[in-house]
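Try each task yourself with the structure in view, then work through the solution step by step.

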Amino acid sequence: MDEPIWTILEHQGRSLKWLANRTEYSYSYVNQVRTGHVPLSEAFKRKCVWAMDLPRDVLFLLPKQEGGNGTTIKTEKETA
């Protein structure tokens, strides 16, 4: 699944090279993350949040809940 950060970056007219410079990661590393060859690390996410000055939940999808498969997990309020 594609993370929102890549679409946002494109809409802002910014490149992977810009993100690499701002996060102090190499362009090669950022490109590998973008293409899915390297998993997103927590450290990379934190630096992206700082670099782009946007909330984490805007830039990155929430991880699937255990038993996920795209199912919705209801809160206590929703089940009551």
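## Exercise 1: Ring pairs

**Task.** This is a predicted model. Find the aromatic pairs and say how the rings of Tyr 25, Tyr 29 and Phe 44 are arranged.

**Solution.** 

Step 1. Start with the count: the protein has three aromatic pairs.

Step 2. Take Tyr 25 and Tyr 29. Their ring centres are 4.8 Å apart and their planes make an angle of 15°, and this pair is stacked.

Step 3. Move on to Tyr 29 and Phe 44. Here the centres lie 5.9 Å apart and the planes stand at 65°, so this pair is edge-to-face.

Step 4. Tyr 29 belongs to helix α3 and Phe 44 to helix α4, so the pair ties together parts 15 residues apart in sequence.

Step 5. Tyr 25 is partly exposed at 21% relative accessibility, and Tyr 29 is partly exposed at 22%. Phe 44, in contrast, is buried, with a relative accessible area of 0%.

## Exercise 2: The two sides of a helix

**Task.** Which residues of helix α1 are buried, and which exposed residues does the face turned away from them carry?

**Solution.** 

Step 1. Get an overview. The protein has six helices and zero strands, and 25% of its 80 residues are buried.

Step 2. Look at α1, which runs over residues 4-11. Its buried residues are Ile 5, Trp 6, Ile 8 and Leu 9.

Step 3. Ask where they point. They cover an arc of only 165° around the axis, which puts them on the same side of α1.

Step 4. Now turn to the face pointing away from that buried side: Glu 10 and His 11 are the exposed residues there.

Step 5. Find the cover. The buried residues of α1 are covered by parts that include α2 (16-23), α3 (27-34), α4 (42-52) and α5 (56-59).

Step 6. See what comes after the helix: α1 is followed by Gly 13, which has a positive phi near 75°.

## Exercise 3: Inside the core

**Task.** Which members of the largest nonpolar core touch the most other members, and what does Ile 5 touch?

**Solution.** 

Step 1. The largest nonpolar core holds 16 residues, and those touching the most other members are Ile 5, Trp 6, Leu 19, Val 30, Phe 44 and Met 52.

Step 2. Trace where the core comes from: α1, α2, α3 and α4 each supply at least two of its residues.

Step 3. Zoom in on Ile 5. Setting aside residues up to four places away in sequence, Ile 5 touches Leu 19, Cys 48, Met 52, Leu 59 and Phe 60.

Step 4. Widen the view to the whole protein. Among contacts with a separation of 6 or more, 45% join residues 24 or more positions apart.

## Exercise 4: A charge over a ring

**Task.** Over which ring does the charged end of Lys 45 sit, and is Lys 45 buried or exposed?

**Solution.** 

Step 1. Locate Lys 45 in helix α4.

Step 2. Follow its side chain: the charged end of Lys 45 sits over the ring of Phe 60, 5.6 Å from the ring's centre.

Step 3. List its contacts. Apart from neighbours within four places in sequence, Lys 45 is in contact with Leu 40, Arg 56 and Phe 60.

Step 4. Decide on burial. The relative accessible area of Lys 45 is 12%, and buried means under 20%, so Lys 45 is buried.

Terms used. Residues are numbered from 1 along each chain as its sequence is written. This is a predicted model: local features need pLDDT of at least 70, side-chain atom pairs count only at pLDDT 80 or more; totals for chains, interfaces and linings use all residues. Side-chain values use heavy atoms; hydrogens and water are left out. Helices (H or I, at least four residues) and strands (E, at least two) are DSSP runs, numbered from the N terminus. Buried means under 20% relative accessible area, exposed over 50%, partly exposed in between (1.4 Å probe, protein chains only). Contact means heavy atoms within 4.5 Å. The arc is that of the directions from the helix axis to the C-beta atoms. A nonpolar core is a set of buried Ala, Val, Leu, Ile, Met, Phe, Trp, Tyr and Cys residues joined through side-chain atoms within 4.5 Å. Rings of Phe, Tyr and Trp (its six-membered ring) pair if their centres lie within 6.5 Å; planes under 30 degrees apart count as stacked, over 60 as edge-to-face and the rest as tilted. A charge sits over a ring if NZ of Lys or CZ of Arg is within 6 Å of the ring centre and within 35 degrees of the ring normal.
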